[in-house]
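These are my notebook entries on what I looked up in one structure.

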Amino acid sequence: MRFVKPGLVAALAIGAAIGAATAAFGQSGNTISVDVTGLRNNNGDVRCGLYNSAATFPKSGQEMMGVQASIANQQANCVFSNVAPGLYAVALFHAEKGETRMRTGFFGQPEEGYGFSRNATGTMGPPSFNAAAYNYAGGNSVWPVTITYP
């Protein structure tokens, strides 16, 4: 029977746990950049949400990852870092007055600029997750979105 040092076993267990956590939560160097064009001015910023589920898309506060991008020359770039490969969709809006949630009217129609990955559109509401989703294989990827104003 061989004996292994307890310190070595603990170090291996911690290393395996860190490796599994890194794989589950993202991979270093994997980046999705969302190039946003069509902004009507340079006021405020653009808020982008990355979603990995039809059940949560495009519900505010239920995104897998959210970022805020500054605007220059009526363009913005939302960058999601350390993203694991998978199926994802993006929803975004122009927060002209610094809002953290998109303003909507009485019937839920947007009151400010908005957009979705693949420039997907819906009828009487947002597009489906599948209409907006990309199958992201990892690495660096650029997804263009042209913003729409009501």
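**Entry 1: asparagine 42.** I looked up the accessibility of asparagine 42 and noted that it counts as partly exposed because its relative accessibility is 40%; the classes are buried under 20% relative accessible area, exposed over 50% and partly exposed in between, with a 1.4 Å probe and protein chains only. The model is a predicted one, so I kept in mind that local features need pLDDT of at least 70 and side-chain atom pairs count only at pLDDT 80 or more, while totals for chains, interfaces and linings use all residues. Residues are numbered from 1 along each chain as its sequence is written, and side-chain values use heavy atoms, with hydrogens and water left out.

I placed asparagine 42 in the loop between strand S1 (31-37) and strand S2 (45-51); helices (H or I, at least four residues) and strands (E, at least two) are DSSP runs numbered from the N terminus. Leaving aside residues up to four places away in sequence, I found that asparagine 42 touches Ile71, Ala72, Asn73 and Gln74, where contact means heavy atoms within 4.5 Å.

I then listed the polar atoms around the asparagine 42 side chain. One of them lies 2.7 Å from the backbone nitrogen of glutamine 74, and the backbone nitrogen of asparagine 73 is 3.4 Å from a polar atom of that side chain. A polar contact is a pair of N or O atoms within 3.5 Å; within protein, one must be able to donate a hydrogen and the other to accept it, and residues adjacent in sequence count only if both atoms are side-chain atoms.

**Entry 2: positive phi values.** Asparagine 73, in the loop between S3 and S4, has a positive phi of about 55° although it is not a glycine. I recorded asparagine 73 as exposed because its relative accessible area is 66%. Arginine 118 also has a positive phi without being a glycine, near 65°, and it sits in the loop between S6 and helix H2 (129-132). With a relative accessible area of 44%, arginine 118 is partly exposed.

**Entry 3: the disulfide.** I found 1 disulfide in the structure, a term that means a pair of cysteine sulfur atoms within 2.5 Å. It joins cysteine 48 to cysteine 78, with an S to S distance of 2.0 Å, and the link is right-handed, with 60° about the S-S bond. Cysteine 48 lies in strand S2 and cysteine 78 in strand S4 (residues 75-81), so the pair ties together parts that are 30 residues apart in sequence.

**Entry 4: strand S1 and its partners.** Which residue of S4 is the bridge partner of valine 34? I found cysteine 78 there, in an antiparallel pairing of S1 and S4 over 6 bridges; two strands pair if DSSP finds at least two bridges between them. S1 also runs parallel to strand S8 (residues 140-146), with 7 bridges joining the two, and serine 33 stands opposite valine 142 of S8. S1 is mostly covered, with 5 of its 7 residues buried.

In S8 I also checked serine 141, whose side chain makes a polar contact of 2.9 Å with the side chain of tryptophan 143. Residues up to four places away aside, serine 141 touches Thr31, Ile32, Ser33 and Tyr136.

**Entry 5: the largest pocket.** I noted about 860 Å³ of space in the largest pocket. On a 1 Å grid over the protein atoms alone, a pocket is an open set of points where a 1.4 Å probe fits, with protein on both sides within 12 Å along at least five of seven lines, and lining residues have an atom within 4 Å of a point. Of its 35 lining residues, Pro58, Leu92, Met102, Tyr114 and Phe116 are the closest to the centre. S2 gives the most to the lining, with 4 residues. Proline 58, in the loop between S2 and S3, is joined to phenylalanine 57 by a cis peptide bond with omega about -15°.

Note on methods:
Grid points are joined across faces, edges and corners, and a volume is the space filled by probe spheres set on the points.
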